Amino acid sequence: MLNHTIAQTDPQLNTILRDELERQRTTLMLIPSENYASRAVMNAMGSIFTNKYAEGYPGARYYNGCENYDLLENLAIERAKDVFHCEHVNVQVHTGSQANMAAYYALLNYGDRILAMSVDHGGHLTHGKKRNFSGQWYDPHFYELDPETYLIDYDQVLDKARQVRPKLIVAGASAYPRIIDFQKFREIADEVGAYLLADIAHIVGLVAAGSHPDPVPYCDVVTSTTHKTLRGPRGAMIMSKQKWAKRIDQGVFPGVQAGPLMQIVAAKAVCFKEAQSFGFREYQRQIVRNCQALARALLEEGFELITGGTDNHLLLVDLHNKDITGREAADLLEAAGLVCNKNLIPNDERSAVETSGIRLGTPALTSRDMREPEMLQIGKWVSEVVHIGREDEAVLQRIRGEVADMCAQFPIYLELEP
Ligand SMILES: *Cc1c(COP(=O)(O)O)cnc(C)c1O
């Protein structure tokens, strides 16, 4: 069995895999938290590094036979430090949520107060949502976006911080289309004696390339995923000041994890190497240019965007003037080959299942080498689907075909078996 391929061992799963390859090849990935990992990243993820227990850290493992794992983890660490100029980094943490869990575990005690962006305004589940560990084990308080501009209101954050006296302030979001001023967050944290954690799960690639202001100098801890704009393996990392190094590492292992996924750590090393390249900088710049082009196209089609546009890789469409819910719009778009997600907009009167918005992003489109002209076309398709797709099934079919044609011009994973 050791030598068999998926097709030989498991034809049933292989069919699903082939269908998914076809789906990825022929539809547009507009979900801003998704991307296409490179072949090198995927090869590392599927490598023999999966076969080893390596609990502990380089030079201090609990299992024998780890010399190559020390080398690969140190390589990942050195590259991450080079890309992000951080004093310390943990590359073992499995996911973005666990990165936050480990960081809270390292810095906080049960019941401590945290202050973060309201999840309904763009924050993440792990920033204090009631049904998440962060809302159960800690005492979360929230700031909201300015009701007129939908920008972060730093005066309000400061007021809240003064009232709440949090032990930790979380800066970062999953659906915020504008620059976050981490220096201002640092000033607020200092004013109330709080720790500052930046969660850059979404914008990490932009930060790596200098296309978004850098949180690292201002924060005690910076958590991130590696599979979103960074385009690495599904995983995460925690950067910190040297003084928190030991607590963070212990927070990850033995705090919330045991054996690290060393094949994923290897893939992180590959992704950091890719992030060191000039091409990666260019890629991140183009993500932003593409997103701004998509924003312009949608504005021209009469859509309303939260904050009126974007500074980063995503935008949030307010569908109130279109007489359609986020759920309906996202389902129609999917039928036309445009895969995005429904999203709450700030102060949404609808539930998270229905929503009044959709969230669109350009990291994956840009990985396919698409540029401004394609964004213009995608904006027109989105408009057609939202405006007439409900009444006209044939329009969805026609656009589905046109999307597949565009995808064929910007192919992905040609080397993989169909
Ligand atoms: C995606 C995201 C995470 C969590 O990532 P997972 O890997 O899905 O657990 C954490 N924080 C923010 C802000 C995110 O957008």
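Tyr 36 is buried, because its relative accessibility is 6%. Here buried means under 20% relative accessible area, exposed means over 50%, and partly exposed lies in between (1.4 Å probe, protein chains only). The model is predicted, so local features need pLDDT of at least 70, side-chain atom pairs count only at pLDDT 80 or more, and totals for chains, interfaces and linings use all residues. Residues are numbered from 1 along each chain as its sequence is written, and side-chain values use heavy atoms, with hydrogens and water left out.

Start with the rings. The structure holds 12 aromatic pairs. One of them joins Tyr 36 and Tyr 413: the ring centres are 6.2 Å apart and the planes stand at 80°, so this pair is edge-to-face. The rule covers rings of Phe, Tyr and Trp (its six-membered ring) with centres within 6.5 Å; planes under 30 degrees apart count as stacked, over 60 as edge-to-face and the rest as tilted. Tyr 36 sits in the loop between β1 (28-29) and α3 (39-45), and Tyr 413 in the segment after α16 (393-409), so the pair ties together parts that are 377 residues apart in sequence. Helices (H or I, at least four residues) and strands (E, at least two) are DSSP runs, numbered from the N terminus. Tyr 413 is buried at 12% relative accessibility.

Tyr 195 and Trp 244 make another edge-to-face pair, with 5.1 Å from centre to centre and 75° between the planes. This pair also links distant parts of the chain: Tyr 195 is in strand β8 (residues 195-199), Trp 244 is in the loop between β10 (236-240) and α10 (245-256), and 49 residues separate them. Trp 244 is buried, at a relative accessible area of 7%. Elsewhere, ring pairs join Tyr 104, Phe 133, Trp 137 and Tyr 138 into a cluster.

Rings also meet charges. The charged end of Arg 231 sits over the ring of Tyr 283, 4.0 Å from its centre. That label requires NZ of Lys or CZ of Arg within 6 Å of the ring centre and within 35 degrees of the ring normal. Arg 231 lies in the loop between β9 (221-225) and β10. Its phi is near 65°, a positive value in a residue other than glycine. Lys 322 gives a further case: its charged end sits over the ring of Phe 303, 4.9 Å from the centre.

Now the salt bridges. The structure holds 18 of them. Each needs a side-chain nitrogen of Lys or Arg within 4 Å of a carboxyl oxygen of Asp or Glu. In helix α8, Asp 190 and Arg 186 lie four residues apart, about one turn of the helix. Their side chains meet in a salt bridge of 3.2 Å, N to O. Which of the two is buried and which exposed? Asp 190 is exposed, with a relative accessible area of 52%. Arg 186 is buried, at 16%.

Arg 327 and Glu 354 form a salt bridge of 2.9 Å, N to O. It links distant parts of the chain: Arg 327 is in helix α13 (residues 326-335), and Glu 354 is in the loop between β14 (341-343) and β15 (357-361), 27 residues apart. Arg 327 is partly exposed at 34% relative accessibility. Glu 354 is partly exposed at 25%. Lys 184 and Asp 181 form a salt bridge too, with closest N and O atoms 3.7 Å apart. A network of salt bridges links Arg 61, Asp 70 and Glu 73.

Arg 178 is in the loop between β7 (168-171) and α8 (182-192). This arginine is buried at 17% relative accessibility. Its side chain makes a polar contact of 2.9 Å with the side chain of Thr 307. A polar contact is a pair of N or O atoms within 3.5 Å; within protein, one must be able to donate a hydrogen and the other to accept it, and residues adjacent in sequence count only if both atoms are side-chain atoms.

Two backbone details follow. A cis peptide bond joins Phe 253 and Pro 254, with omega about 5°. Pro 254 lies in helix α10. Arg 165, in the loop between α7 (154-164) and β7, has phi near 50°, a positive value in a residue other than glycine.
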